[in-house]
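Here is a briefing on one protein model. Look over the sequence and the fold, then read the points below.

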Amino acid sequence: MSFILATDTSCDIPRGELRARGIEYKPLVYTIEGAEHPDEFDCDEQYKAFYSEIRAGKLASTSMINLIEHEEFFTMLVDKYTEDIVYVTLSSGLSASHSSAVQAAENVFKSTGRKVYVVDSRGATIMTRHVVDEAQKLRDSGLSAQEAVEQLADFVAHLQTWFMPVDLMHLKRGGRVSGPAAIIGTALKIKPILNFSEAGGLVVAKKIHGVAKGLAFMIDMFKADAVDGPSKFYIANADSEYAPELLERAKEARPDWEGEIGWIGPVIGAHTGCGAVGISFLSKKTRDK
């Protein structure tokens, strides 16, 4: 391999698949009912069990990967391998994990002379998964770490993700929307449509009345902006009944594309709640600021 590829588990690629693809990973951690758990999910049953707990009213929280943890992880990698390392992180617009990784990479370089290139996915879950997929293609094609990182910057800029949480009361319990907004929005069946900004933060792009119109809006954005020629899209799935429908509608819109449903894992699902659904794809346009 031309470089070693690593990521945190915000990419929500099953851990066995990461190992089979030769991708090192650092688990993020989530807390539920006061107990900490590493994000080591590897099968549908684990994701379903997590969302069953959320449906039962349990609140989950998450924590960043701190500087010491990143330094230990990078030190392990430079001791294990001779190649440079490319490490893909959860968006800097969502978590300080990215900045701690950057500082850890600098510290490891000072102490060992070995380079760890930190790539900000400027996204999460299926969006970060896209970046890891592309990084693996570049690794397997023989590009150097530096060349891959340069190409990934343009790739990340053209990734678009449209995302619809459906449980406003969960967002209220987590303090992410106000009580009145959640109650009124639920009563009126208002669904916020979110996307990722240029900087990797989540912004409310639109508020739509009803799930059906929300799904239609996301498909319209996919049809309008997806790159020409065959590619691949991912459907984000927080144990959502709407994920299969969104998958089929996206396939109908672009039959030349491959499509796959991917789980939203506990690190992001702790914030979205159950039922959230979205689509991520390579766009002809760069992201809005």
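Rings of Phe, Tyr and Trp (its six-membered ring) pair if their centres lie within 6.5 Å; planes under 30 degrees apart count as stacked, over 60 as edge-to-face and the rest as tilted. Such ring pairs link Tyr30, Phe41, Tyr47, Phe50, Tyr51 and Trp263 into a cluster. The model is predicted: local features need pLDDT of at least 70, side-chain atom pairs count only at pLDDT 80 or more, and totals for chains, interfaces and linings use all residues. Residues are numbered from 1 along each chain as its sequence is written, and side-chain values use heavy atoms, with hydrogens and water left out.

**Overall build**

- The protein has eleven helices and 13 strands. Helices (H or I, at least four residues) and strands (E, at least two) are DSSP runs, numbered from the N terminus.
- Its C-alpha atoms fill a box of roughly 60 × 50 × 35 Å, taken along the principal axes.
- Of the 289 residues, 53% count as buried. Buried means under 20% relative accessible area, exposed over 50%, partly exposed in between (1.4 Å probe, protein chains only).
- Take the contacts with a separation of 6 or more: residues 24 or more positions apart account for 76% of them. Contact means heavy atoms within 4.5 Å.

**Aromatic pairs**

- The structure holds 14 aromatic pairs.
- One of them joins tyrosine 30 and phenylalanine 50, edge-to-face, at 5.6 Å centre to centre with 80° between the planes.
- Tyrosine 30 sits in strand S3 (residues 29-32) and phenylalanine 50 in helix H2 (residues 44-55), so this pair ties together parts that are 20 residues apart in sequence.
- Phenylalanine 41 is buried at 6% relative accessibility, and tyrosine 47 is buried at 2%.

**Nonpolar core**

- In soluble globular proteins, nonpolar side chains tend to be buried together.
- A nonpolar core is a set of buried Ala, Val, Leu, Ile, Met, Phe, Trp, Tyr and Cys residues joined through side-chain atoms within 4.5 Å.
- The largest such core has 88 residues; Phe74, Tyr87, Met218, Phe233 and Ile279 have the most contacts inside it.
- Beyond its neighbours within four places in sequence, phenylalanine 233 contacts residues including His130, Leu247, Trp257 and Ile279.

**Helix H5 and glutamine 136**

- H5 has 13 of its 15 residues buried.
- Glutamine 136 lies in H5 (residues 126-140) and counts as buried at 13% relative accessibility.
- Its side chain makes a polar contact of 2.6 Å with the side chain of arginine 21. A polar contact is a pair of N or O atoms within 3.5 Å; within protein, one must be able to donate a hydrogen and the other to accept it, and residues adjacent in sequence count only if both atoms are side-chain atoms.
- Not counting residues up to four places away in sequence, glutamine 136 touches Leu5, Arg21 and Ile23.
- Just after H5, glycine 142 takes a positive phi of about 95°.

**Tyrosine 25**

- Tyrosine 25 lies in strand S2 (residues 24-26) and is buried, with a relative accessible area of 15%.
- Its side chain makes polar contacts with the side chains of arginine 19, at 3.0 Å, and glutamate 40, at 2.8 Å.
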